[in-house]
Amino acid sequence: MTIIGVAGGTGSGKTTVVKNIVETLPPDYVTVVPLDSYYNDTSELTDEERRAINFDHPDAFDWKLLIEHVNLLRDGKAVEQPIYSYLESNRLKRTIHVEPKPVMIIEGIMTLINKRLRDMMDLKIFVDTDADERLIRNIRRDVVERGRTYEIVMQRYMEVLKPMHEQFIEPTKRFADLIIPQGGENHRGIDILCKYIEHIVL
């Protein structure tokens, strides 16, 4: 199994890069493991306590469960992947059954921050996009898809997203084997990346 890590700030274009990799390889060849699925279980917290969680901090993730699942998939065993709801700020009761495949992509803002996880990866990618472009994408996504107001999105960006990006996400660039500048708009860079991945896994 080839394990690929794809990291980058919120709204950087990680999903676009992953989609292109998946489409480059044969059908049913890739398992995508979203880091967002592994936010901590907050069932024991009140709604107010959940809303106070900083979801852009490394402590918000269940690294133990994620690493356990990656190891199981690498060993050829299926896992029950959690489903996280942004509306409820918690995991849902149902899970997704995930089967091991020749390529596993672990995708998320802090995919490269955990050394144990990083050491499992055969290829580490950082998707780099200008802060203003990421902000525009965040506004568009959070207002339309997550029901937040423009004011709430801007406040969260200034108080949480921006400082957390600078403190935790941006520094993980140094761990990347490849950096894709301009995010999902860098079609040539993504094409070169996909050809390289196709070469090493097929």
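A cavity, on a 1 Å grid over the protein atoms alone, is a set of points where a 1.4 Å probe fits but cannot get out. Grid points are joined across faces, edges and corners, and a volume is the space filled by probe spheres set on the points. With those terms in place, I turn to the structure.

This is a predicted model: local features need pLDDT of at least 70, side-chain atom pairs count only at pLDDT 80 or more, and totals for chains, interfaces and linings use all residues. Residues are numbered from 1 along each chain as its sequence is written, and side-chain values use heavy atoms, with hydrogens and water left out.

I begin with the overall fold. The protein contains seven helices and seven strands, where helices (H or I, at least four residues) and strands (E, at least two) are DSSP runs numbered from the N terminus. Along the sequence, these elements follow the order β-α-β-α-α-β-β-β-α-β-α-α-β-α. The C-alpha trace spans about 50 × 35 × 30 Å along its principal axes. For 202 residues, a compact globule would have a radius of gyration near 17 Å, and the value of 17 Å for this protein agrees. That radius is taken over C-alpha atoms, and the globule rule is 2.2 Å times the number of residues to the power 0.38.

Of the 202 residues, 48% count as buried; buried means under 20% relative accessible area, exposed over 50%, and partly exposed in between, with a 1.4 Å probe and protein chains only. A contact means heavy atoms within 4.5 Å. Among contacts with a separation of 6 or more, 74% come from residues 24 or more positions apart.

How many cavities of 30 Å³ or more does the structure hold? There is one, and the volume of the largest cavity is about 60 Å³. Its lining, meaning residues with an atom within 4 Å of a point, consists of Gly9, Thr10, Asp56, Arg134, Asn138, Tyr157, Leu161, Lys162, His165 and Ile169. Which helix gives the most to this lining? Helix α6 does, with five residues. Both α5 (131-144) and α6 (150-169) supply at least two lining residues each. By class, the lining has three nonpolar, four polar and three charged residues. In this scheme Ala, Val, Leu, Ile, Met, Phe, Trp, Tyr, Cys and Pro count as nonpolar, Asp, Glu, Lys and Arg as charged, and the others, Gly among them, as polar.

I now consider two asparagines. Asn90 lies in strand β4, residues 90-98. Is Asn90 buried or exposed? Asn90 counts as buried because its relative accessibility is 7%. Its side chain reaches the backbone nitrogen of Thr42 at 2.9 Å. The side chains of Asn90 and Ser43 are joined by a polar contact of 3.2 Å. A polar contact is a pair of N or O atoms within 3.5 Å; within protein, one must be able to donate a hydrogen and the other to accept it, and residues adjacent in sequence count only if both atoms are side-chain atoms. Leaving out residues up to four places away in sequence, Asn90 touches Asn40, Asp41, Thr42, Ser43, Arg50, Ile83, Tyr84 and Ser85.

Asn186 is in the loop between β7 (178-181) and α7 (187-201). At 14% relative accessibility, this residue also counts as buried. The Asn186 side chain reaches the backbone nitrogen of Gly189 at 2.8 Å. Beyond its neighbours within four places in sequence, Asn186 is in contact with Ile180 and Pro181.

The loop between β7 and α7 also holds Gln182, which is exposed, with a relative accessible area of 54%. Phi of Gln182 is near 70 degrees, a positive value in a residue other than glycine. Setting aside residues up to four places away in sequence, Gln182 touches Asp128 and Thr129.

Asp28 sits in the loop between α1 (14-24) and β2 (30-34), and counts as exposed at 65% relative accessibility.

Finally, Phe61 lies in the loop between α2 (47-51) and α3 (63-74). This phenylalanine counts as buried because its relative accessibility is 4%. Phe61 and Leu35 are 26 residues apart in sequence, and 8.0 Å apart in space, C-alpha to C-alpha. Not counting residues up to four places away in sequence, Phe61 touches Leu35, Tyr38, Tyr39, Asn40, Phe55, Ile109 and Met110.

Conventions
On a 1 Å grid over the protein atoms alone, a cavity is a set of points where a 1.4 Å probe fits but cannot get out, and a pocket is an open set with protein on both sides within 12 Å along at least five of seven lines; lining residues have an atom within 4 Å of a point.
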